[in-house]
Structures are given as C-alpha cells and as structure tokens.
Amino acid sequence: MAKSVKKLQEIINGLDEPLRQSFQNVHAGYPEATLERFLNARDGDVSKASKMLIDCLSWRVNNHIDYILELRSLLKPILPKEKFDAIRRSQLIGFCGYCKQGRPVFAIGVGNSTYDLASVESYVQSHIQINEYRDRIILPNISNKKVRHVRSCVKIMDMTGLKLSAFSRLKTSIAIATVDDLNYPEKTDTYYIVNAPYVFSACWKAVKPMLQERTKRKVQVLKGNGQDELLQVMDYATLPSFCKTISDSSNNDVFAPNHKFHVELYNYIQNKAVFSGKNFNSLTSEGSLHIQVPTLEEQDPHSETVEVVHAIESVLPSLEAVENASEQNQRGKITTKMAGIQIST
C-alpha cells in the first residue's frame, strides 16, 4: 500500500494547480489516508484509483465544490432559510453525535423522505454541503480531539414508512448516492438498517446475494429499532429517537430544521457570506447551483450504486407482485420466487 500511495501522490503532484489546490480540501490534512481511500475504492489498482481521484478533483473544480460552504459570485447556495428548511423537512438527515470509536453518526430517514419540495439538483447540493461540512469541520475537529485521524462515519438508515412506491424516488437517491460513490469513497464505515418493513426485508433478501462482498460487509440489517445492537457501538444519548424503545421527550429531533446541527451548518454558510462581503439579502433571488451528476450508463462499473440499483431494478417486478398480495398472505408461510431466488417469508 505504501508504494501505491507514493505512486498516486506523484501523479497528484504533476496535476495543474487548481486540481492540486482542490486536493487540499479533500484530504484536510491527511493526504496519505485520503490516497488510501481512493486506492481501497479501486481494490488497490493505482491506475484506476488515479483516474477516480482526478475525475473527482475535476468535478470539484468544474462545479466549484470547494466553495460550496461559502458564497461566491459563481455560486447560488440553497437559501433563503425557508428553502433550506423545506429541504430539511423532505430530505431527512441528521447528525446524532459520535460512536464509541469517535466516528460521526448520521441518521437518514429513508422511508419518510419525500424529496418533493425542491429540484433534484437542490437535494444533491444540500447533500454535498453536508458532506463537505462533515469532511472539513466535523472530522478534523474530532480527529484533533482524539489525537488520531477519524476518517469515516456511520449511518443509521430508518426504514419507517417505507413503501414500494418510494422506489419511484430512485432518481434523487441515485443522484445522491452516485456523488458519494465517485467523490467521497470509503467515507461511510457501516450502514445500519433499522425499522425495516416487509418490503425492505423482501428486497434485501433478493438483492444481497447479487452484491459484492465489500458492499455486503458495510450493510447490517438490525432487528426492530436496533437499540440493543447499536448500544454496543454507541452510547444511549447518541441514538436517534427512532432507535429508542422508550420515547425520550428530551431528545431533539435530529431531522428537524431547528436541530443544532442544521442551525450550525446554516449559520456557518451565512457567516461565510458576511465574511466574503456577499449581500445576504440578495440571495432570495438566487436558485440552486446545478451540479452535473453522471447517468447510470456513465458511472464506473465499480460503483456500489450501480451494483445496488441494478439489483433492485431486477427484483421490482416480483416485489410489486408480492405487495399486491393480501396482508394475511404476506404474513403467512408462503414462498415467493423473486428474481429466480426462492425466498421464504
């Protein structure tokens, strides 16, 4: 790995200044660990890892990602506050704290996210802003506190309210996941799935055998709300409310626009606007920055998103047939043939 990292660093050193400058924001003080991430994402292949990293840096420069937490004349942040809050109400994501190993814990409301109050580009930009805030503020801060490099996070995916109709929102989900796959590789250590309804359980049983081992290792489907398993890796106070067996009224809703994390993120962007001399009031007339997202055909075949999406699409017809069955039949001891795989339900 050390030799591969050195080779990759030599390639980066030969790039144009804008790309090298963008790499500064990507590695946030840990260049070798960042190069290792891209190498791991491409199974140690230096040629493929260098292409992935250069494509990532080019994407950042072309879309002004390095300034997405600031307000420059070329950018049109997701503001005013009403717009920011609308996105938060329909794209459920929140920061819960840290696990016992110091990794940031994010909650994602998969089942109840509607993505219906803004454009796809707005949701993608919002997600990128959270990624950049995580990588430039949250991870460096916890790394300094722990006196060691904390380079990844964990995510708790709440499937409450998930229905088959939610797959119609795949366009937005694919766009977001694609951005993560291609430009923020190996940033999520584990995905914990909780409160999974029948439709997800059936889908996962059919999809899992189709996935690569690396992808499967990252996903853990927990029983019920997952409280007992999650308490092994994080404290009770870190658990989002949907993972707690007993309702905790003191626990602030991590998805709410007025949650501390979202307020701090918005204030950070606002303060950057003031510092840069940007007229904050003029932002009311500005829209969202358009960010080009690769189509499914343009994505790298190593992408975990491509792998998962193709697997889901292959089982959707069988899932639709199952959903049309009566609830009594779904709960009974029946066997449903899904994508050529026998699944006992």
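## Aromatic pairs

Searching the whole structure, which is a predicted model, gives 10 aromatic pairs. Two rings of Phe, Tyr or Trp (its six-membered ring) pair if their centres lie within 6.5 Å; planes under 30 degrees apart are stacked, over 60 edge-to-face, and the rest tilted.

## F106 and F261

The ring centres of F106 and F261 are 6.1 Å apart and the planes meet at 80°, so this pair is edge-to-face. F106 belongs to strand β2 (residues 104–109) and F261 to helix α11 (residues 260–276), so the pair ties together parts 155 residues apart in sequence. Helices (H or I, at least four residues) and strands (E, at least two) are DSSP runs, numbered from the N terminus.

F106 is buried at 2% relative accessible area, and F261 is buried at 3%. Buried means under 20% relative accessible area (1.4 Å probe, protein chains only).

Ring pairs also join F106 and F261 with F95, Y98, Y133 and Y268 in a cluster.

## F242 and F255

F242 and F255 form a stacked pair, with 5.9 Å between centres and 15° between planes. Both residues lie in the loop between α10 (227–230) and α11, so the pair ties together parts 13 residues apart in sequence. F242 is buried at 14% relative accessibility, and F255 is buried at 11%.

## A charge over a ring

K81 lies over the face of Y266, 5.4 Å from the ring centre. The criterion is NZ of Lys or CZ of Arg within 6 Å of the ring centre and within 35 degrees of the ring normal.

## Basis of the values

Residues are numbered from 1 along each chain as its sequence is written, and side-chain values use heavy atoms, leaving out hydrogens and water. Local features need pLDDT of at least 70 and side-chain atom pairs count only at pLDDT 80 or more, while totals for chains, interfaces and linings use all residues.

How values were computed: Buried means under 20% relative accessible area, exposed over 50%, partly exposed in between (1.4 Å probe, protein chains only).
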